Amino acid sequence: MTNQAKNSAKEDRSETPITSLRDLEYRLGEDRETLRSLARNWRAEYTPFQQSKPAKPFQHEVKVGKVRNIDNPSKELKRIQKKILNRLLRPVKLPHFLFGAVSKRCVNEHAAQHLLHGNECVVKMDVKSYYPNVTSRHVYFVWKQVLHCSPAIASLLTQLTTYDWHLPQGAPTSPAIANIFLASIYGPVLEECSEKNITATAWVDDLIFSGKEARSVMELARQALAINGLKLSSRKRVILNGHDSKVITGVRLGKKRIRAPKDKLRDMRAAIHKLEIGQIADYQRDKYISSLNGKINNIERICAQDAQPLKRPLIAALSLSGA
């Protein structure tokens, strides 16, 4: 090994296993007593609460009763978890089928993976209660077997990144750990997809398959998850064939490019029409117009071609009203 290579190896320790507390202290820039104290008193470091699920892009209403449990780590624990994320988890190279919560991968790129099979079958499945079912045992497996930490370090990092023996909702580290865990168990599914010319992707807990034989891997995906204690939501399973409109993580598959969903474009035209005919009260106008502009910008990020026909009538409506 050349001197330059040796120096590079010494400087870049991000991909080498952590086998000692001293190494962990060095990488996180934190002393071991701080880490041990937070791990030991983990119950006191969380303040769980329930939160109404936020509206998805373009969604006007949230169904009553839809809430999610937020485990809510303390400010100090979250600070440590951010260091764990940035210094230990983000350097991990993830396979290309993973898109959600992965740096420099977005919904547009995710949906574009399926354009090749846009006129064929698209299967969408959802992992049920994903974070609550990724247990401390799974997280320890990630730290010990996948990232090759020593047992003591894997145990400490597991305590720092789990709550009540599962992945915590609201912890910065949870999406990255979930991605690494899914990648570690998804091999048989990906191999089957490769053999059958099926495109497979995942956006956190959303699993997408496209291709003529996309339906054929549904059972294999179910088994791969079930072996590891995870279940698929039968209520959220969607199979789209032929000329069905295919929307993946808020992006529609067009013939040759990604497009904005048709129902969202229809809703936007209706919303602009309300402004044109004066149905919006004066006290609501500024907020309403700001919301319209935000949604048009969202559409433009997906497909500029779909945004232009909305911009023109909005500008005309504003000109007529003197806004």
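## A buried threonine

With a relative accessibility of 7%, Thr 158 counts as buried, because the cut-off for that label is under 20%. This is a predicted model, so take everything here as a reading of that prediction. Thr 158 belongs to helix α8, which covers residues 151-160.

What does Thr 158 touch, once its neighbours within four places in sequence are left aside? The contacts are Ser 136, Val 139, Tyr 140 and Trp 143.

Are the two partners buried or exposed? Glu 30 is buried, at a relative accessible area of 10%, whereas Arg 79 is partly exposed, at 33%.

Arg 79 also forms a salt bridge with Glu 76, and here the closest N and O atoms are 2.8 Å apart. Glu 76 and Arg 79 are 3 residues apart in helix α4, so about one helical turn separates them. Glu 76 has a relative accessibility of 32% and therefore counts as partly exposed.

## Another salt bridge

Arg 32 and Glu 25 make a salt bridge too, with their side chains meeting at 3.1 Å from N to O. Arg 32 is partly exposed, at 29% relative accessibility.

## Aromatic rings

Now for the rings. A pair of aromatic rings is described by the distance of the centres and the angle of the planes. The structure has 5 aromatic pairs. In one of them, the ring centres of Tyr 46 and Tyr 163 are 4.4 Å apart and the planes are at 35°, so the pair is tilted. Tyr 46 and Tyr 163 link distant parts of the chain, being 117 residues apart. You'll find Tyr 46 in the loop between α3 and β1 (49-52), and Tyr 163 in the loop between α8 and α9 (174-185). Both Tyr 46 and Tyr 163 are buried.

The rings of Tyr 130 and Tyr 131 also make a tilted pair, because their planes are at 35°, with the centres 5.9 Å apart. Tyr 130 and Tyr 131 are both buried.

Which residues make up the aromatic cluster that includes Tyr 46? Trp 42, Tyr 46, Tyr 163 and Trp 165 form it.

## Two helices side by side

Finally, have a look at helix α12 (residues 262-276) and helix α13 (residues 282-302). Their axes come within 11 Å and cross at roughly 150°. Angles over 145 degrees count as roughly antiparallel, so that is how α12 and α13 run relative to each other. Their crossing is left-handed.

Which residues make the contact between α12 and α13? On the α12 side, they are Leu 265, Met 268, Ala 271, Ile 272, Lys 274 and Leu 275. On the α13 side, they are Arg 285, Tyr 288, Ile 289, Leu 292, Lys 295, Ile 296 and Ile 299.

Technical notes
Residues are numbered from 1 along each chain as its sequence is written. This is a predicted model: local features need pLDDT of at least 70, side-chain atom pairs count only at pLDDT 80 or more; totals for chains, interfaces and linings use all residues. Side-chain values use heavy atoms; hydrogens and water are left out. Helices (H or I, at least four residues) and strands (E, at least two) are DSSP runs, numbered from the N terminus. Buried means under 20% relative accessible area, exposed over 50%, partly exposed in between (1.4 Å probe, protein chains only). Contact means heavy atoms within 4.5 Å. A salt bridge is a side-chain nitrogen of Lys or Arg within 4 Å of a carboxyl oxygen of Asp or Glu. Rings of Phe, Tyr and Trp (its six-membered ring) pair if their centres lie within 6.5 Å; planes under 30 degrees apart count as stacked, over 60 as edge-to-face and the rest as tilted. Axes are lines fitted to C-alpha atoms, for helices over the stretch in contact, and angles run from 0 to 180 degrees between N-to-C directions. Angles under 35 degrees count as roughly parallel, over 145 as roughly antiparallel, 65 to 115 as roughly perpendicular and the rest as oblique. A crossing is left-handed if the near helix is turned anticlockwise from the far one by less than a right angle, and right-handed if clockwise.
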